[in-house]
Structures are given as C-alpha cells and as structure tokens.
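Trainee: I would like to learn how to read a structure like this one, feature by feature. Where do we begin?

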Protein chains: 2
Amino acid sequence: MENFIYHTPTKVFFGKKEEQRIGSILASFKASKVLLHYGKGSVIRSGLLDQIKALIKEAKISFVELGGVEANPKLSLVEQGVQLVQTEGIDFILAIGGGSVLDSAKAIAVGACVSHSPWLFSIKEKFPTQAIPVGVILTLAASGSDMSDSCVITNEQTKEKRGFNSPLNRPQFAILNPELTYSVSAYQTACGIVDIMMHTLERFISTSGPSEPTDSMSIGLLKAVYQAGKKVMKDPNNYEARATLLWANSLSHNGLTSCGRSFVMSVHQLEHEVSGMFDTVAHGAGLAVLWPAWAKFAYPYAKNQFARLSYEVLEIQPTNSLDHDILKGIEAMKNFFKEIGMPTSLKELNITQEEDLKKLAFNVTFNHTRVIQDVIQIDEEMALKIFTEAQ
Amino acid sequence: MENFIYHTPTKVFFGKKEEQRIGSILASFKASKVLLHYGKGSVIRSGLLDQIKALIKEAKISFVELGGVEANPKLSLVEQGVQLVQTEGIDFILAIGGGSVLDSAKAIAVGACVSHSPWLFSIKEKFPTQAIPVGVILTLAASGSDMSDSCVITNEQTKEKRGFNSPLNRPQFAILNPELTYSVSAYQTACGIVDIMMHTLERFISTSGPSEPTDSMSIGLLKAVYQAGKKVMKDPNNYEARATLLWANSLSHNGLTSCGRSFVMSVHQLEHEVSGMFDTVAHGAGLAVLWPAWAKFAYPYAKNQFARLSYEVLEIQPTNSLDHDILKGIEAMKNFFKEIGMPTSLKELNITQEEDLKKLAFNVTFNHTRVIQDVIQIDEEMALKIFTEAQ
C-alpha cells in the first residue's frame, strides 16, 4: 500500500426530495449572490430549474443565470461565466445538471479568481490557489464530478480536451436525488454506467501492488454497479438501482477507490482524444469502445486484478487457464457494454478513417512530449495499436 | 435505500513516516498553542511522544501536556483537560494514542467551550455547538474515532459509559502510520480487529432494506479485515496487514458503511454496560463475547445479511439449509475470535455472578427508560437472555 492523502470534504445530501432543501443549504454555506449554471435540455424541460429558482427566491438569496452548457463543456462558455462572476460580484456557484455542467462550474470558480484564461489551468501552465465555492444538484450518474477534485474542459478552437486536478475543485456540497435521474435517456444512462465502472476499474488495475481494504471495496462497488446497471436498463424508474448508480458515481471518483494506489487512467486519457476530436462522441461510449481493446494489451501485466474482475464481478467460472478466464472476463465486459446499448467499435462511432486513427494516436502523445506510463506504456505506436484493435 | 447525509471532512495523512510532518500539518491548521493529550504507556515508552514534541518545538508552536488517559477514558481527566484548555488559552488539541485518548480529547474539545460539565453531552442533556479543533496521531487500529463523529466517556462515579454523536466530534486531521501500530500487543490488536468488524457489521445487519453499493463495499471491507486479521496475529510487523486494519478502522466508523441504512449498534450498547461496570474488560473483548450470543437471537430477522456474511466473508459452503449456513457462519465468527485470542464467554472475563448479569440487563434499559429497537427489540428480559447465552 502506498502512502496517500484522503480528503473528501464535500457534504452530501442524498435521497428523495433533498433538492427541496436548497434554500437552507445555500444559506448554511453563506451564499448571498449565486450564479445558477446549467445546460440547455432536461433541467429546463423537467421543470427542475424553475423549481430551484423559486426555492432560492423564497430563501431571499439573489441569483444570476448562465445556461447553455454542452456535453464536453466548452472553454468559451467558461470564459463568459468568469466575466459574469467578476462583474456581478457573485460569491457562490450552483451547478444544476450532469458532469459537464459541474466541470464548467468548477472552471469558472477558479477562473474567476485570476486575470488569465482558465485554460492555463487545464494545460497545467498555472495552478489555482483560490476558488469561488461551488454547490451541485446532480441530475446524471456518471462523471463523479460532484465529489471529485477533477475538472475537464474542451478548447473548441484547438479541439483539445484537458483535465486538471486540484483540491479547490471539490464542491462544497452535492445534492443527490436518484429520482432526478429517472428521465435520463437509456443511452446516457449506459454511458454513465461505463464511466462509473471505469473510474473504479482504472484505479484498481494499476501498476501498484494490492491495497486492502481498497481493492475488496472496489470489487464490491463494481459488482453493485454491474448488477444495478442491468436492472436500470430494464426498469429506468427503479429507485434502488438508480440510487446505487448515483452513490457509486460519487464514490468511484472521490479518491476512495484509489487509497494506497497510484493510478494513471490510461483509457480515460485515450478517450479524451476521441471525444475531443469528435464532438458527437459521448465520453462513456468512447470508454466502452476503448477499454476492451486496451485490456487485451494490458492484461498480461496485471493478471491478479484482471482475475478478480473476472471471478468476483463478472462471475466467470474458474478453469485451469488463468489467461482463458481473464479473456472471458474482458469478453463479458464487452458483452455487458453491448447489452446496455453501448457501441463496441470505433466504426459504430463513425470513426473509420485510418488517418483519423493516426491523428488520435499522435494527439495522445501531446506533440511527442509524453508517453503514458501505466500497466502498459502508451506511446504513439501502442496508442495506434489500441485504436486499431478498437476499430 | 434511506436518505442520508454524508460528511467526512477529516483530512487523512496515511502511510510510513507521515507523523514526521506534524509541524507543518499543525501550522496548516493554524494551531498556535496546542494541548498534547496522551495515555501513560506505549506512546511514552516507544519514544513517539518525545519525537512529536521535538517536531512541534522545531515548528515553533507552543504546547502544554496532559497525559494519563486510561482505557475507557474517564470523565475526571476530561474535566482536568477542560480546565487546562480554558486557563492556558489553548486553540488546538493533538491526541496521540488510541481511541480512548481520542475520545478524551473530543470530550475536552466540546467541554472547553461551555461552563457546564461535559458529561451533560454524554447523557444527551445538552448538545454541543462549538469545539476546539482536534488533530490525531493514531497508534491503535480499533475504535475508528479518528474520522468518526462519536465520543464515548466513562463516568467513574456512576460507573456509566455513554456515547454521543456530533459533527463537531470529527477531527480536523488524522495521521495514520501503520508502523506505529506494530508494537500493539496481540490482545489489543485482536480487540481492535473485533471492534473494526463490529462497526461495519452492526451497520450492515440492521432493520433497513438493502443499500448498494454500501452493502457490497461493507462485505469487501469485512473480508479484507478478516484476512488481514489472521495474518497480523502471526506476523505483527506485516506492513500490508497492519495498513489494512488501520484504514479499515477509519472507514468502518466514519459513516461510509451506513450510507442508506439506519442502524442502532445493539451489541455495542450491550457491551458499553459490560465495560462500564467492569473496568478491566476491553471493549473489543466484550464485543467478541456478546456478538455470537446476540446473533443467535437476531439472525431469524435478518437472514439475507447473515447469509452474505456466511458466504461472502467467512467462506461457508452453501448447503440446502439457509439456517444451517447462517449458524455455521456465526460459529465461524466465534472461532475466528477464538483463533485471534479473544474470549468467547463472560466467564473468561470473570463475570460469573447471576446478580451481575441481572444488573447489566437492568442497566441496558437506562433505568427502564428505553428499549433498544433493532433487528430484535432488546428490553431487560432479552438483554438478560443474551447475557445468559454469553455466559
């Protein structure tokens, strides 16, 4: 077990109707002028936004609105938000939506405290030292951004998608009502399931040695998500299954599942290039395509972890060949992704040109300035092999 | 899954040599005058106390000392601590030791902010609204007090042991170095293993319905502790096993293993009477004796949870009788406790008089003002049945 720091100060309000307490919660965090930040779709259609606005008004807290966040949240909107916070004297940001809205809010929160572009944080040229506090009403179980220290933004000019981590990125509070996720489409639900599993799996399968109880708890989390995932696709209004996904969404990315482990999240990094270059690709769908391809190259170097995944999560019956059982596990994951409606090849995501695969593989190297050091080393050549396998 | 609030703001520094950062950590929490609070045994003998004092001096932070905390920490010492904090203008309390030292520090922290006896918090006549911040260097994996909101104190005059919960009881930081637990005696190590398992198990086996991923993660934690527990008894300097117990100690009692569940911790409450009345009884030893006795009465009302314990933690092979498998599991737990050197009967704790059992059963009812409402209701009659079964 490696040394670690664990610090998850986000206060979570979990369960039915918790969002109705938003007035008193904001007051307890001393919010006096709030930026309401949201997307453009369901949060408006469902009436949630109007309901929250009414509750905040009732609590006599003033607010300003900035909607329009898209999937793979864009730098240009973040920059608008920064200006709004600075000119309006805003002291609290409330994000209502999924991971994109949260990450957009986080980028505004640190961006509003500096005079340079927030993009400099994303490319790690600058490091934040201050942030406007952020609170969250989550409507999508996926990114785990509600408790995490990460923030991923897309620069639409350079078509780069980049993430940075900072303790300042952790929200002050997160309101998680599973019922608010009932209306999420089957496709987006499935994308979320993949993302949640990958957040834990990409920590579990790493170069570090075993770390208990982290590993056994991670296996427990993966098993719960795997089973709830199957249930929720058949019965989208199943409270218990939606609640399992929503709480697992937070725990899989708040640091708990990496205690004692170092991790790199190679597949996430490969995927960021894909959805950065092809804006129509949902992050979870990209992960579903890439993980099995990556796993085929990676498993010889992390057989113990792949074996636990096979036996303890995916219920593969042991034979006398460990390699066989691991490959069966990778196949079972792929089948699970297919079962919940995810693509299993880049072709299905309309990425068919060999030139594009080459461009992606080059982009992974950040202009030949890095090789991803993980269970397997990923340089341009290995990246191309994985993208080709995923074709 | 029931609604819940999850808030664990304690910052954890986990791993080898982390205590050597104490100077900069205290400075980062703006401590200027510290009460060093500790016991009377190993922390002095091992040289840890001297080392910490030197590091704090080096950081130019002043301090006052109060040692002498005993197992089942006493109200009289807490009251001394309160006076010291008030007269010396102390703004931070650093507890160095195990759960007893931590709980004593927590009681001082809230007691120093009021003019009445801190015992009024323990018997829930008053509720704290303020506390001096507390930090922890932990030397024993057991109580989970380092991240928990609980504080248990014994009133030596009335021979009552009472706990109270408050968010103010959560320490600001916890330094957890598994190597500092190498020197813990085999008996105290075993007591800790039981306490850790019970903190998770008494949340897992409750009246609430299933709550995932909490349940599967709890099973993972129990499994890890069960396996590390066996290892550490044979090899006390096994870093991985000590680290597993230490991190499980924190996670089992910080709230994580009860998310979505309500819980009562009946066996803890029964045990508090035993170690409250018989000061020589270690808390973990009392739990080891009482849990199997309680389980025999309780299992018919929580068969699903008992079954998961049997199959997934204790590796009981399924037969066609669920009751048989559950009873095998309870027996396996008892055997495990015996294997690690715990007593399995009240007799072994020198509690043999029927009059004492009756007195204990009466005390459980708090002068006939309560019945414990859990998987089974525990009134005076049921308490006596359990104590008699445990004889």
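Mentor: We will go through the sheet, the contact between the chains, and then the helices. Keep in mind that this is a predicted model.

Trainee: What is the order of strands in the sheet?

Mentor: Strands of a sheet pair through backbone hydrogen bonds, either parallel or antiparallel. Here an open sheet of 12 strands has the order 3(A)-2(A)-4(A)-5(A)-8(A)-1(A)-1(B)-8(B)-5(B)-4(B)-2(B)-3(B), and its pairing is mixed. Strand 3 (62–66) of chain A and strand 3 of chain B stand at the edges with a single partner strand each, so one side of each is left without a neighbour in the sheet. From one strand to the next, the twist averages 25°.

Trainee: In which sense do strand 1 of chain A and strand 1 of chain B pair?

Mentor: Strand 1 (residues 4–14) of chain A and strand 1 of chain B are antiparallel, with seven bridges. To find one of these on the model, look at V12(A), whose bridge partner in strand 1 of chain B is Y6(B).

Trainee: How does strand 1 of chain B pair with strand 8 of chain B?

Mentor: Strand 1 of chain B pairs in the parallel sense with strand 8 (residues 173–176) of chain B, over four bridges. F14(B) stands opposite L176(B) in that strand 8 of chain B. As for burial, eight of the 11 residues of strand 1 of chain B are buried, and the strand is mostly covered.

Trainee: How many residues of chain B are in contact with chain A?

Mentor: The contact involves 34 residues of chain B and 34 residues of chain A. On the chain B side, strand 1, helix 8 (214–234) and helix 9 (239–251) each supply at least two residues. The largest share of that side comes from strand 1 of chain B, with 10 residues.

Trainee: Let us turn to strand 4 of chain B. Which of its residues point one way and which the other?

Mentor: In a regular strand the side chains alternate between the two faces of the sheet. In strand 4 of chain B, F92(B), L94(B) and I96(B) point one way, while I93(B), A95(B) and G97(B) point the other way, and all are buried. The strand is mostly covered, six of its six residues being buried.

Trainee: What are the bridge partners on either side of strand 4 of chain B?

Mentor: Strand 2 of chain B runs parallel to strand 4 of chain B and is joined to that strand by five bridges. One pair to look for is V34(B) with F92(B). Strand 4 of chain B also pairs with strand 5 of chain B in the parallel sense over five bridges, and there the bridge partner of A95(B) is V136(B).

Trainee: What about chain A: how many bridges join strand 2 to strand 4 there?

Mentor: Five bridges join strand 2 (residues 33–38) of chain A to strand 4 (residues 92–97) of chain A, and the two run parallel. H37(A) has A95(A) as its bridge partner.

Trainee: Now the helices. Which residues of helix 3 of chain B are buried, and which are exposed?

Mentor: An α-helix has 3.6 residues a turn, so residues three or four places apart point the same way. In helix 3 (residues 48–58) of chain B, the buried residues are L48(B), L49(B), I52(B) and I56(B). Seen down the axis of helix 3 of chain B, these fall within an arc of 95°, so they line one face of the helix. On the other side of helix 3 of chain B, D50(B), A54(B), K57(B) and E58(B) are exposed.

Trainee: What covers the buried residues of helix 3 of chain B?

Mentor: The cover includes helix 1 (22–28), strand 2 (33–38) and strand 4 (92–97) of chain B, among other elements. Just after helix 3 of chain B, K60(B) takes a positive phi of about 60°.

Trainee: At what angle do helix 4 and helix 5 of chain B cross?

Mentor: Two packed helices are described by the angle between their axes and the distance between the axes. The axes of helix 4 (residues 75–88) of chain B and helix 5 of chain B come within 8 Å and cross at roughly 50°. That makes helix 4 of chain B oblique to helix 5 of chain B, and their crossing is right-handed. Residues that meet there include G81(B) and V85(B) in helix 4 of chain B, and A107(B) and I108(B) in helix 5 of chain B.

Notes: Residues are numbered from 1 along each chain as its sequence is written. Chains are lettered from A and ligands numbered from 1 in the order in which they are written. This is a predicted model: local features need pLDDT of at least 70, side-chain atom pairs count only at pLDDT 80 or more; totals for chains, interfaces and linings use all residues. A residue is buried if 20 or more other C-beta atoms lie within 10 Å of its own, exposed if 12 or fewer, and partly exposed in between; C-beta atoms are placed from the backbone. The arc is that of the directions from the helix axis to the C-beta atoms. Two residues are in contact if their C-beta atoms, placed from the backbone, lie within 7 Å. Two strands pair if DSSP finds at least two bridges between them. Axes are lines fitted to C-alpha atoms, for helices over the stretch in contact, and angles run from 0 to 180 degrees between N-to-C directions. Angles under 35 degrees count as roughly parallel, over 145 as roughly antiparallel, 65 to 115 as roughly perpendicular and the rest as oblique. A crossing is left-handed if the near helix is turned anticlockwise from the far one by less than a right angle, and right-handed if clockwise.
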